[in-house]
Amino acid sequence: MPTPPFEQLLAYKDIPLHIIAQEYGFDVRPVGSSYRAHCKFCGGTGSPNLTFFPKNDTFYCFACKTTGTKSYFLYLVTSTPKHDLEYIWRTGQKPGSGALVLDLDSPEANNLRVPCMRVVAVWCGQRLATGAEYPKEILAHIDEILLREDFKQREYDLVISLLHQAEELLCLK
Ligand SMILES: [Zn+2]
């Protein structure tokens with residue numbers, strides 16, 4: 001499904017996930033304090049295994065274990081990158097194209113992602129001050145790693161080693 005227009009993505013910020021799910025054809029029914037639907041991610045027939053929790057706008061499928069936040073759900077049904085959605089909801093603006101996303105305040109950022117982003121931000125700031133041109137491919141790679149769903153020590157080390165590579169390239173020039 002194509003990415004919905006910006007205004008619609010922005011509006012999703014204030015619409016509960018189980019209502020959005022209905023918009024995308026999920027047969028949502030209230031069950032107790034949550035909502036259930038047949039899971040389109042695993043094509044589940046039989047009992048409705050996909051559960052929506054209105055308390056924190058998350059979902060979970062008891063069959064295929066697909067789970068996540070509203071932004072991840074929207075990524076799954078519209079292919080809109082999660083970080084674009086979170087940027088739109090945080091700033092109310094369209095995400096810039098290809099800019100390095102320094103998402104320091106994301107509530108989903110775990111303990112390693114945030115310090116890693118700070119390191120990258122400081123490095124970029126210092127490089128900018130010297131008027132150096134960034135090695136674009138390396139920065140694109142770093143950007144991609146920073147936005148990975150799962151950000152652990154391995155990702156942190158990868159980013160640092162890429163920064164070293166970038167640094168070497170700049171010194172060679
Ligand atoms: Zn499922």
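The dialogue below treats confidence, core, helix and strands in turn.

Author: This is a predicted model, in which local features need pLDDT of at least 70, side-chain atom pairs count only at pLDDT 80 or more, and totals for chains, interfaces and linings use all residues. Residues are numbered from 1 along each chain as its sequence is written.

Reader: Where in the chain is confidence lowest, and where is it highest?

Author: The pLDDT is the predictor's confidence in each residue, from 0 to 100. The chain averages 84, and 89% of the residues score at least 70. Helix H5 (residues 113-129) has the lowest confidence, at a mean of 78, and H2 the highest, at 97. Helices (H or I, at least four residues) and strands (E, at least two) are DSSP runs, numbered from the N terminus. Over residues 97-105 the pLDDT is below 50. Where pLDDT is low, the predicted coordinates should not be read in detail.

Reader: Which residues of the largest nonpolar core touch the most other members?

Author: A nonpolar core is a set of buried Ala, Val, Leu, Ile, Met, Phe, Trp, Tyr and Cys residues joined through C-beta atoms within 7 Å. A residue is buried if 20 or more other C-beta atoms lie within 10 Å of its own, exposed if 12 or fewer, and partly exposed in between, with C-beta atoms placed from the backbone. Here the largest core has 17 residues, and those touching the most other members are Leu17, Ala21, Val28, Ala37 and Phe52. Two or more residues each come from H2 (17-23), S2 (34-37), S3 (50-53), H3 (70-78) and H4 (82-91). H2 gives the largest share, three residues. A second, separate core of eight residues includes Cys116, Met117, Ile142 and Leu146.

Reader: How many bridges join S3 to S4?

Author: Two strands pair if DSSP finds at least two bridges between them. S3 and S4 (residues 58-61) run antiparallel and are joined by four bridges. S2 and S3 also pair in the antiparallel sense, over three bridges. Threonine 51 in S3 stands opposite arginine 36, and its bridge partner in S4 is tyrosine 60.

Conventions. Two residues are in contact if their C-beta atoms, placed from the backbone, lie within 7 Å.
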